[in-house]
Amino acid sequence: MTAPLVVVGDVMLDIDLIADSARLSPEAPVPVLHDPVEHRRPGGAALAAVLAARAMAGRRPVVLVAPVATDDAGRQLRRMLAGRLELVAVPWAGSTPVKTRLRVAEHPVARLDRGGAPGAIGPLPERALAVLSSAAAVLVADYGRGVSADPAFRAALAALSCPLVWDPHPRGAAPVPGSTLVTPNLAELAGFVTMDAGASLAAIRRGAQQLARQWQAGSVCVTLGSRGAMFCLADNAPHLIAPTQVSAGDTCGAGDCFAAAAAAGLADGVLPSEAVALGVAAAGRFVASGAAAGYRLEPSDAELSDAELSDAESALAGLDALLDRVRRQRGVVVATGGCFDLLHAGHIATLQAARAVGDCLVVCLNSDDSVRRLKGAQRPLQPAADRARVLAALECVDAVVVFEEDTPATVLRRIRPDIWAKGGDYSGVPLPEAAVLAEWGGEAVTVPYLQGRSTSALVELARHAELAAGGPA
């Protein structure tokens with residue numbers, strides 16, 4: 001598998017209300033906005049991740065690891081990101097920041113902020129640790145909402161062996177020591193270090209070098225807006241990168257675009273000095289095209305529809321109600337898991353046996369991406385929605401929950417079943433989920449199964465049958 005570019009940070013939802021205005025209100029000296037058109041897009045680290053995916057242009061996957069709230073704005077973000085990149089959502093008790101900008105053409109008039117309540121960040125899913133450990137490069141898009149200060153995130157970032165780009169925020173924590181490239185803008189730099197007045201090139205160079213020593217960073221690139229950027233590596237002479245001259249005035253999101261393109265360059269193996277040049281060029285094009293206000297999400301085939309999102313939410317609500325009902329009756333919750341790509345008699349035997357040892361059975365179903373990682377690019381044969389529907393129709397199955405990771409550890413910690421049941425073909429070998437079940441006193445067991453049945457064998461049988469009939473290989 002191609003090593004991914006991973007973006008870590010605080011996400012938010014951005015809304016632009018763009019309108020015409022030809023007069024001032026008689027009630028106050030403010031413009032009257034006529035028939036505003038609304039555009040919604042991912043913001044913060046989510047925008048950086050989408051821009052990183054655009055910069056990578058399919059050369060390698062992009063994964064966003066971020067705390068995501070379960071509120072309406074959080075659900076909108078999940079829907080927008082689906083199909084554009086992989087989102088590893090970390091449980092978060094806060095509320096999604098929503099920034100609504102009122103604009104007359106490209107000119108901002110006012111901004112309304114909602115949400116953004118702080119909250120505890122949950123444990124990092126195994127999938128997050130896996131993608132970080134295998135990353136080609138990592139970008140931290142810090143928006144000062146807690147990710148950069150979270151101990152679990154910091155430990156994972158400190159253990160990286162790949163290039164790390166850190167886009168800092170005045171309210172965020174300092175980068176972990178050893179970051180490859182730190183990318184403050186000039187105002188941020190002045191807040192992080194003591195600088196000479198006037199912001200001369202010499203003052204900026206001294207400030208950047210001081211920041212590199214202070215944060216033990218490999219290099220610092222200070223973005224200077226219309227003046228381009230200054231790249232400083234140790235005490236070497238600074239490297240100035242001239243910007244692309246554009247007439248547009250709105251630069252919202254340009255810093256995210258710069259950092260995303262620089263991280264993409266590092267993931268592809270270029271030097272930091274070359275990566276920042278790529279970043280400056282990308283940011284110039286971004287501003288020339290209208291910056292964040294001019295950025296529109298292209299339709300995605302995999303974007304979740306309202307109905308699909310509603311189905312997923314309904315499934316979770318139904319699962320919670322089931323677990324609550326069984327536990328109030330002091331019943332036994334049983335869970336099992338797998339891909340269930342082509343349901344066969346062996347599956348049915350194991351599911352029936354698992355249901356028989358408790359009072360309800362929850363099936364943890366690998367998502368499509370999870371199946372691809374485990375079984376290869378040709379699988380699954382059926383999408384998760386279809387596999388879940390078939391399972392849910394079985395009398396022995398009470399609920400189905402789809403999980404994104406390679407293992408069900410995260411979803412098991414959510415369900416906390418009393419029993420984790422696997423088919424008897426696992427007899428005599430340690431079950432990797434046993435340690436997870438032991439966290440709350442659960443037990444991992446094996447149950448009877450039918451020998452010799454497997455989806456892979458069925459697929460191979462079908463392939464040979466097709467070959468024998470003269471069909472394609």
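User: Is Cys396 buried or exposed, and what is its relative accessible area?

Analyst: In this predicted model, a residue counts as buried under 20% relative accessible area. Cys396 falls under that cut-off and is therefore buried, with a relative accessible area of 12%.

User: How many disulfides does the structure hold?

Analyst: A disulfide is a covalent bond between the sulfur atoms of two cysteines. Cys339 is buried, with a relative accessible area of 12%. The number of disulfides in the structure is 0.

User: Which residues of helix H3 are buried, and what arc do they cover around the axis?

Analyst: Helix H3 spans residues 126–133, and its buried residues are Arg127, Ala128, Val131 and Leu132. They lie on the same side of H3, because the arc they cover around the axis is only 130°.

User: Which helices do the buried residues of H3 pack against?

Analyst: The packing partners of these buried residues include strands E1 (5–9), E4 (62–68), E5 (86–91) and E8 (137–141). The helices in the list are H4 (151–158) and H12 (368–375).

User: Which strands are the edge strands of the open sheet of 4 strands?

Analyst: The sheet has the order E3-E2-E6-E7, with mixed pairing. An edge strand pairs on one side only, which applies to E3 (34–44) and E7 (107–114).

User: What is the bridge partner of Asp14 in E6?

Analyst: Strand E2 (residues 11–20) pairs with strand E6 (residues 98–104) in the parallel sense, over 7 bridges. In E6, the partner of Asp14 is Lys99.

User: At about what angle does helix H2 run to E3?

Analyst: Helix H2 comprises residues 72–81 and lies across E2, E3 and E6. Its angle to E3 is about 80°.

Definitions and conventions:
Residues are numbered from 1 along each chain as its sequence is written. This is a predicted model: local features need pLDDT of at least 70, side-chain atom pairs count only at pLDDT 80 or more; totals for chains, interfaces and linings use all residues. Side-chain values use heavy atoms; hydrogens and water are left out. A disulfide is a pair of cysteine sulfur atoms within 2.5 Å. Buried means under 20% relative accessible area, exposed over 50%, partly exposed in between (1.4 Å probe, protein chains only). Helices (H or I, at least four residues) and strands (E, at least two) are DSSP runs, numbered from the N terminus. The arc is that of the directions from the helix axis to the C-beta atoms. Contact means heavy atoms within 4.5 Å. Two strands pair if DSSP finds at least two bridges between them. Axes are lines fitted to C-alpha atoms, for helices over the stretch in contact, and angles run from 0 to 180 degrees between N-to-C directions.
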